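Here are my notes on this model, point by point. Please keep the structure open while you read.

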Amino acid sequence: MATLDQCRAALDRLAQNLSSADGKVRSAAALDRSLSCRITDLDVTFLGRLAQGSIQDVTCVPGPPPDKAEIRLAMTGDDLVALVDGRLNFARAWGSGRVKLEAGLRDLLRLRTLL
């Protein structure tokens with residue numbers, strides 16, 4: 001089971017990957033939306049903001065998110081680490097229910113480039 005520190009490091013790597021991306025990935029991540037990532041097996045939620053093509057202002061709170069973010073993810077810590085490391089395909093994980101993604105229809109259409 002991935003630790004809290006490993007999950008935080010994975011989110012930091014994801015933020016770095018997004019900020020250095022270009023083309024379609026960069027434009028898909030150029031939203032300005034609140035973001036939550038619930039790590040179900042650790043019972044914590046990372047909160048932040050997807051802005052200017054990166055994940056910013058990441059904090060961690062115990063339990064479920066206190067407010068409903070505009071883009072919401074939920075998964076295990078192991079799945080988060082595997083996704084960021086490229087060992088788990090997001091579309092397959094989402095389709096099988098291992099990863100949950102909730103967002104408005106416009107945001108989902110725009111984020112599909114990242115999938």
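1. Terms and source. Two strands pair if DSSP finds at least two bridges between them. Helices (H or I, at least four residues) and strands (E, at least two) are DSSP runs, numbered from the N terminus. This is a predicted model: local features need pLDDT of at least 70, side-chain atom pairs count only at pLDDT 80 or more, and totals for chains, interfaces and linings use all residues. Residues are numbered from 1 along each chain as its sequence is written, and side-chain values use heavy atoms, with hydrogens and water left out.

2. The hairpin. S1 and S2 form a hairpin with 4 residues between them. Asp43, in the turn, has a positive phi of about 55 degrees. The two strands run antiparallel and are joined by 7 bridges. Ser34 has Arg49 in S2 as its bridge partner.

3. The sheet. The order is S3-S2-S1-S4-S5, an open sheet of 5 strands with mixed pairing. S3 and S5 are the edge strands with a single partner each, so one side of each has no neighbour in the sheet. From one strand to the next, the twist averages 15 degrees. (Axes are lines fitted to C-alpha atoms, for helices over the stretch in contact; angles run from 0 to 180 degrees between N-to-C directions.)

4. Other pairings. S2 and S3 are antiparallel, over 7 bridges. Val44 has Pro62 in S3 as its bridge partner. S1 and S4 are parallel, over 5 bridges. Here Ile39 stands opposite Met75 in S4.

5. Burial. Buried means under 20% relative accessible area, exposed over 50%, partly exposed in between (1.4 Å probe, protein chains only). In S1, 6 of the 7 residues are buried, so the strand is largely enclosed by the rest of the structure. In H1, the buried residues are Cys7, Ala10, Leu11, Ala15 and Leu18. They lie on the same side of H1, because they cover an arc of only 140 degrees around the axis. (The arc is that of the directions from the helix axis to the C-beta atoms.)

6. Around Ile39. Beyond its neighbours within four places in sequence, Ile39 is in contact (heavy atoms within 4.5 Å) with Cys7, Val44, Phe46, Met75, Thr76, Gly77 and Leu80.
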